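Here is a short report on one helix and a few backbone positions. Keep the structure open as you read.

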Amino acid sequence: MALDRDQALALDAADPLRAARDEFVVQPDGLVYLDGNSLGRLPKRTIARLQHVISDEWGRGLIRSWDHWIDLPGQIGDLIARGIVGAQPGEVIMAESTTIAFYKLCVAALDARPGRTTIVTDRDNFPTDRYVLEGLAAQRGLTIRWIDGDPVEGPQPTDVVAALDDDVALLTLSHVAYTSAAIADLGAITALGHQAGALVLWDLSHSGGSVPVELSRHDVDLAVGCTYKYLNGGPGAPAYLYVRDDLQRSLRQPIWGWWGQQDMFEMGQGYDPQPDLRQFLSGTAPVLQLVAAQEGISLSVEVGIDAIRAKGMALTALAVELIDEWMVPLGATLRSPRDPSRRGSHVLVHHRDARRICTDMVASGVVPDFRQPSAIRIGLAPLTTSFADVWDGMRRFADLAAR
């Protein structure tokens, strides 16, 4: 595709999303940032929005600004539902961190399946998900049935069906694997979980903002995702959670707080939850974090998830081509699916000297992501990563690996 840098520059010139990069703060020192799947770049509009909220809405409006702040979790959730995850209005809401949102949904799902004592997930699932599940299993005397999926291609429907029976209360997986970037068959796996009578919970942290999801189309029960990766919401930005509309009245989340209470300002005795998704809220909304996330999310929605996905596939295709040409002869191994339609917007490369190479790359102005024990993850955020970035980054990778 572009083994010559001029070809990479030509791809940038023809890129329909090239103007999106101008919406972000990009260092003038030539830094090549290949870790957008861990923390997205800062949108310029976020700076202006935060300055306004701090100086005007907080500084001048003070508590009066809660008149419009109070609806932010649902407003931003509807933005994500419509433009990012393919859900309906009122099915997505901004919550706390991904871990807490995931915990809430897990508890709600387990309580909704009394008498069932098994949770199904995979060993390569994101660590915080596994830890939450281990904690719940220990507290409740439950069993976790682990799927040992292919480390590159991820759990397949055949793996999942072998782990399901009528004792499974909750099936939960990541849509895009945080390691290999393999995309799970969300539709087929959700259907299998339903056939077994389980509730199905998806972690969208590495797909939201990079890969179309279509929750409504596949009748997904529950989902959670973060906003600080491809959605550029900022470090520690709040997570979002999704609950299908018909489940919202029957499920009950475990962290009861005043923001989930009906007539919250009545301060009534006894908890009476909101009749809709707002019951999954707990404490006071973090306004500054929410408005920062809103700006990054809005940018993605304006560009469109299909256009984002098309560029993400092209970026990873270039990375794979350069890995094959430059890195494989130096002892590297691609650990992501080769089919671009089967991987998200990052690629994983194994090399015996990965730690040293990654350290040297960062010192030289190229920022990837090291993963224990011997992998480097190349995160290619379609809104901000150029084809020249990929070429320059992989060239530096190869030069350092050859030392």
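In the loop between which elements is the place of leucine 62? Leucine 62 sits in the loop between helix H2 (44-58) and H3. Helices (H or I, at least four residues) and strands (E, at least two) are DSSP runs, numbered from the N terminus.

## Basis

This is a predicted model, in which local features need pLDDT of at least 70, side-chain atom pairs count only at pLDDT 80 or more, and totals for chains, interfaces and linings use all residues. Residues are numbered from 1 along each chain as its sequence is written, and side-chain values use heavy atoms, with hydrogens and water left out.

## Helix H4

H4 (residues 72-85) has 14 residues. From first C-alpha to last it reaches 18 Å, close to the 20 Å expected at 1.5 Å a residue. That expected span is 1.5 Å times one less than the number of residues.

H4 is mostly covered, with 10 of its 14 residues buried. Buried means under 20% relative accessible area, exposed over 50%, partly exposed in between (1.4 Å probe, protein chains only). Among the buried residues are Leu72, Ile76, Leu79 and Ile80. Their cover includes helix H9 (287-303) and helix H10 (305-327); contact means heavy atoms within 4.5 Å. Glycine 86 follows H4, with a positive phi near 65°.

## Backbone exceptions

Most residues other than glycine have a negative phi, and most peptide bonds are trans. Leucine 62 has a positive phi near 50°. Leucine 62 is partly exposed, at 49% relative accessibility. Aspartate 263 also has a positive phi, about 50°. Aspartate 263 lies in the loop between S8 and H9 and is exposed, at 57%.

The peptide bond from glutamine 372 to proline 373 is cis, with omega near -5°. Proline 373 is in the loop between strand S12 (369-371) and strand S13 (375-379).
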